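Please look over the chain and its ligand below.

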Amino acid sequence: MSAPRGQFSSNVGFLMAAAGSAVGLGNIWGFPTKAASNGGAAFVVVYLFMAFLLAYPALMAELTIGRHARRNMVQALRGIARGPVTRFLGGLTGFGGILVASLILSFYAIVAGWMVAHLAEPFATLIGAGGIADWLTGDSTPRNLTVTAIFSGLTMLIIASGVEKGIERWSTLLMPSLILLLLLLIIYVLAQDGAMKGLEVYLMPDFSQLSPELMLSAMGQAFFSLSLGVGTMLIYGSYLSRQESLPRLGALVTLIDVGIAFTAGLLILPAMYVAQEAGTQIFSDTGELIAGPGLIMQVLPALFDTMGTAGLFVAIAFFALMVIASLTSSISMLEVPVAFAIENLGIGRRLATPLVGLAIFAISSLIIFNFDALFGLVVSISTEFGQPILGVALCIFAGWIWRRDQLLAELEKGHENVEQTLFWKVWPWYVRIVCPLLILAAFLQSLL
Ligand code: PFF
């Protein structure tokens, strides 16, 4: 017989795990740079609205389906279906989620691998191994394969240890460390010359930049940031006790996600302007702030170089922050296919994890060998197409296919009087109509 299903031991454990999934490279790298080039605090305000108006209701739908079913995404969606057609569509959406979660992980692990390389580099420098330090930052195929393998291996180790001893234990350890590192780095960077200019660019709202496109871009960012659509939140919800309040925990996850994204801006933007003060170019040839890989791989390392020995420790703190943020997200992605393998193929976690993990590492390797052709393509297929399409499908399952009374009954467990609150009375309609339309609008805009 298969082992009993895992469960988070406490609401804090769940909170750390779900917030850990949400808080990732999207918060620390994606959000601040998007805000800086889209009207600063104006973007922040729009983002806040989108996070609570679109992402929170959709997050609640995923969590509720997961906790009700206490199964992986395929079985969960099949379970709430009402006939052969919707059962088939449930299975299709579930498999879609597993595929897209795996694809996101395949490119995410490469980027996280770069963070591992930059974290190891100052250690190599400290012990005088200059050759290794150069290799680590050299962007060669062997380097990329090695660091991606290290990061994927760490992800597999945590997942192989299970829900409570792996996901919960590590998230509970890593999330507070992440917040501490972030705060220490902010204090250090704000004391440097040029930091205030960065703060100004970040916090002075430029409302003239507000446009429908900006709103839709904020929506896409909120969706990616809350890890929606691909079943990570569904599977984490499936490990949560019925005694805990879903509305409250979901709201806290959203708050932590938005809070850390905002706080990361207080680090990244000032750091860029400190780098400029120190002589590093922070604008591209077309006059825009450098936001892509150049920011993390060139601008910030150049800044740390100007800081002497202190720079080595600042670099270690910064890249440790990036690795931690990535790891608490990558484990949630790997758990989606692993839970499916355990529950549908009947194999144990210790076998399922390396099987699935190595298959995903094989995709990462394929991308590394064909980087120019595949990297952008996989990012686009998984996050610009897969995530929104699946997001709409999940809302349709929660809002149209599942029975409203069952949806609300699940929500009510651990949270009394749900049906007396206006918000939760409206919510099923909202998930039915408003969420799919908003997600579709963002999707169509990104296509155009
Ligand atoms: N939320 C993560 C981030 O902001 O970096 C990314 C992510 C994790 C997306 C898990 C999708 C996912 F399933």
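The report moves from the whole chain down to single residues.

## Overall fold

This is a predicted model. The protein chain has 18 helices and zero strands. The C-alpha trace spans about 65 × 50 × 40 Å along its principal axes.

Buried residues account for 51% of the 448 residues in the protein chain. Take the contacts between residues at least 6 apart in sequence: 84% of them join residues at least 24 apart.

## Ligand shell

Which residues come nearest to the ligand? Of the 16 residues around it, they are G24, G26, S227, T232 and S329.

The shell has no charged residues. Nine of its residues are polar and seven are nonpolar.

Two packed helices are described by the angle between their axes and the distance between the axes.

On the α5 side, the contact is made by A109, I110, A112, G113, W114, V116 and A117. On the α7 side, R143, N144, V147, T148, I150, F151 and S152 take part. By class, this contact of α5 with α7 has nine nonpolar, four polar and one charged residues.

## Two residues and their partners

F207 sits in the loop between α9 (195–203) and α10. Is F207 buried or exposed? It counts as exposed, because it has 11 C-beta neighbours inside 10 Å and the limit for exposed is 12 or fewer. Leaving aside neighbours within four places in sequence, F207 is in contact with G39 and A42. F207 and G40 are 167 residues apart in sequence, yet 8.8 Å apart in space, C-alpha to C-alpha.

S446 belongs to helix α18 (residues 422–447). S446 counts as partly exposed, with 17 C-beta neighbours inside 10 Å. Not counting residues up to four places away in sequence, S446 touches G220 and E384. S446 and F123 are 323 residues apart in sequence and 41 Å apart in space, C-alpha to C-alpha.

Most residues other than glycine have a negative phi, and most peptide bonds are trans. R70 has a positive phi of about 50° and is not a glycine. Its place is the loop between α3 (41–69) and α4 (73–79). R70 is partly exposed, with 17 other C-beta atoms within 10 Å.

N417 is also not a glycine, and its phi is positive, near 60°. Where does N417 lie? It is in the loop between α17 (404–412) and α18. With 8 C-beta neighbours inside 10 Å, N417 counts as exposed.

Note on methods
Residues numbered from 1 in each chain as written. Predicted model: local features only at pLDDT ≥ 70, side-chain atom pairs only at ≥ 80, totals over all residues. Near = placed C-beta within 6 Å. Nonpolar A, V, L, I, M, F, W, Y, C, P; charged D, E, K, R; others polar. Contact = placed C-beta atoms within 7 Å. Helix = DSSP H or I, 4+ residues; strand = E, 2+ residues; numbered from the N terminus. Buried ≥ 20, exposed ≤ 12 C-beta atoms within 10 Å, placed from the backbone.
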